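Please keep the sequence and the coordinates at hand while reading.

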Amino acid sequence: MAPHELPFRLILASGSQGRRWLMQQAGYPFEVKPSNIDEPTEARLGDCRHYVGELAWLKAAAVARDVADGLVIAADTVGWLGGKVIGKPEGEADARRIIRSLSGTVHELWTGVCLWLRPGDWQFCWQERSLV
């Protein structure tokens with residue numbers, strides 16, 4: 001087996017160019033199947049760890065149901081400041097507002113990841129926090 005060959009298909013459950021680039025840099029062959037789920041704008045449980053974990057799992061689940069065999073990888077990354085999700089800006093003015101609110105602060109950047117192996121439906125999920 002070649003160093004970057006895997007014993008299973010690898011499916012990226014994201015349309016993100018950034019995630020695609022990261023996977024390409026790792027050198028593994030992969031397919032892209034965006035999850036196309038509706039993402040909530042607020043953390044239901046008031047906790048960013050649960051928020052990104054749930055979103056990563058929902059993305060993986062949406063893609064895994066259409067995969068007979070392979071490893072689905074899904075992730076979600078959000079900023080967190082003052083107990084609120086820092087969402088994607090809705091335009092230039094909103095982007096400027098977000099940048100101003102982050103300026104001079106230490107905020108959290110959370111990433112949730114879910115690996116879902118089909119057909120056995122083994123799931124491995126975790127979350128990581130960085131201070132920015």
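Two strands count as paired if DSSP finds at least two bridges between them, and strands (E, at least two residues) and helices (H or I, at least four) are DSSP runs numbered from the N terminus. The model is predicted, so that local features need pLDDT of at least 70 and side-chain atom pairs count only at pLDDT 80 or more, while totals for chains, interfaces and linings use all residues. Residues are numbered from 1 along each chain as its sequence is written, and side-chain values use heavy atoms, with hydrogens and water left out.

Strand S3 spans residues 70–81, and nine of its twelve residues are buried, a term for under 20% relative accessible area, as against over 50% for exposed and the range in between for partly exposed (1.4 Å probe, protein chains only). The pairings of S3 are set out below.

| Partner of S3 | Sense | Bridges | Residues facing each other |
|---|---|---|---|
| S1 (residues 10–12) | parallel | three | leucine 10 and leucine 71 |
| S5 (residues 108–118) | antiparallel | eleven | threonine 77 and threonine 111 |
| S4 (residues 84–86) | antiparallel | three | tryptophan 80 and valine 85 |

S3 and S4 form a hairpin with two residues between them, and glycine 82 in the turn has a positive phi of about 60 degrees.

**Backbone exceptions**

Most residues other than glycine have a negative phi, and most peptide bonds are trans. In the loop between S5 and S6 lies proline 119, joined to arginine 118 by a cis peptide bond with omega of about 15 degrees. Aspartate 121, in the loop between S5 and S6, has a positive phi of about 60 degrees and is partly exposed at 33% relative accessibility.
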